[in-house]
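Open the model in your viewer and keep the selection panel at hand.

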Amino acid sequence: MKPQLGPELAARLRESAEKSAAAGEPDREVLAALRASGLLATAVPRAHGGAGGDGAEVNRVVAEIAAANPSVAIIAFQHFAVSARIAEWGTGEQQRRLLPRLADGSVLAASAWSENGAGAAKQNLASTGVRTPDGRWALSGAKTFTTGAAVADLYLVLVKTGGDEAGAEGAYGAAGQTFFLVGADNPGLVPDLGLDLAGMRGSATGLLALDGCVVSDEDRLGPEGHAAPIIAGVRETGATLGAVSAGIAQAAFGLALSHARSRGLLELATVRHRLVDLATRLETVHAAVERAGARTAPDPGLATLHSKLHATATAEGICLDVARMLGSAGYGAGTAADRLLADARGVGLMGPTNDLCRELVALSWSS
């Protein structure tokens, strides 16, 4: 049975979006409801207690959550991404230990890849992993823009463990980088929610310090020094951040339609035609995201990149046009239109950033 976003949880998510935007903090009560909803099982294989969802199913669930609360959708997307990486690259022991708990919501996962100075391509990491005499790893450094910081139970952390040279993929990740699964209970892992973002204010996006963070070799995900192929394979699944943009655009269109109906503006042909144009652009966003998830394109990885580029740009444009349609009703700080526009801007900055997506697409022409 496919996980479904029920009306009660959707209503709680919408209410939470307004609350979190004002406070600039994650809503832990609504995150607890998300954990209990069964939705977090989406990307976990059925053999480990999950729903066995593919990229298309992940995109569907993320878009539904984003239409109600984009910040929570970003947290869920990161959870699904880590779940899928463990299902694909984890050892049998890691899968048996973690996947059932990722599915039932007792463990919420997050990614910690970005850091100051590394650039969007993550090729110049300063954070390091060094072998200790007893065979463990000492992780040191700091991560930035970690979504789910302070609310996640498990972090997929990217550090440099060897030479930092451009890997086979060239544009994303580098040779000598390794992934580690680090529990939030590790005393050397310290989250900080000090970032004050313009949008996605309930996403718990913050900093993560690695200070005396020691993990075992059993916590390593994938081969030592070969994180780049794991990173490159993410887009091949068809799961795309464009799904978040699709949900945001859907919510913005709903605002415009509700505004027009409540004021009797649907009697005006000019208003109806503007709404039709918005609906057509929204349809292209859904189509691009669905094509990525279905993996029917000649190059599914490229389709995933294109879906993010198109969905983020189009969703931001839809949100801006909706704000204009609402006039003064869409200009107030903290209004739904204002929140959605700020959230829409943020998706293009999330990894892989839109500029990096362009580089990755261009790279394919010379290979």
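Among contacts in the chain between residues at least 6 apart in sequence, what percentage join residues at least 24 apart? The figure is 74%, where contact means heavy atoms within 4.5 Å.

This is a predicted model: local features need pLDDT of at least 70, side-chain atom pairs count only at pLDDT 80 or more, and totals for chains, interfaces and linings use all residues. Residues are numbered from 1 along each chain as its sequence is written, and side-chain values use heavy atoms, with hydrogens and water left out.

**Whole chain**

Show the cartoon. The chain has 11 helices and eight strands. These are DSSP runs, numbered from the N terminus: helices are H or I with at least four residues, strands are E with at least two. The radius of gyration is 20 Å, close to the 21 Å that the globule rule gives for 367 residues, so the chain is as compact as a globular protein of that length. That radius is taken over C-alpha atoms, and the rule is 2.2 Å times the number of residues to the power 0.38. Along the principal axes, the C-alpha atoms fill a box of roughly 75 × 50 × 40 Å.

Of the 367 residues, 53% are buried. Buried means under 20% relative accessible area, exposed over 50%, and partly exposed in between (1.4 Å probe, protein chains only).

**Largest pocket**

Select Ser114, Phe145, Leu349, Met350 and Gly351. Of the 45 lining residues, these lie nearest the centre of the largest pocket. Its volume is about 1000 Å³. A pocket is an open set of points on a 1 Å grid over the protein atoms alone, where a 1.4 Å probe fits, with protein on both sides within 12 Å along at least five of seven lines; lining residues have an atom within 4 Å of a point. Grid points are joined across faces, edges and corners, and a volume is the space filled by probe spheres set on the points.

Colour the lining by class: 24 nonpolar, 14 polar and seven charged. Ala, Val, Leu, Ile, Met, Phe, Trp, Tyr, Cys and Pro count as nonpolar, Asp, Glu, Lys and Arg as charged, and the others, Gly among them, as polar. Helix 4 gives the most to this lining, with five residues.

Stay at Gly351. A cis peptide bond joins Gly351 and Pro352, with omega about -10°. Pro352 lies in the loop between helix 10 and helix 11.

Next, select helix 6. Six of its eight residues are buried, including Ile230 and Ile231.

**Second largest pocket**

Move to Ala17, Glu18, Ala336, Arg339 and Asp343. They lie nearest the centre of the second largest pocket, which is lined by 27 residues. This pocket has a volume of about 420 Å³. Helix 1 supplies the largest share of the lining, seven residues.

**Single residues**

Select Arg28, in helix 2. Arg28 is partly exposed, at 48% relative accessible area. Not counting residues up to four places away in sequence, Arg28 touches Ala150, Val151 and Leu193.

Go to Ala204, in the loop between strand 6 and strand 7. Its phi is near 55°, a positive value in a residue other than glycine. Ala204 is buried, at 4% relative accessibility.

Finish at Arg295, in the loop between helix 8 and helix 9. Phi of Arg295 is near 55°, and Arg295 is partly exposed at 41%.
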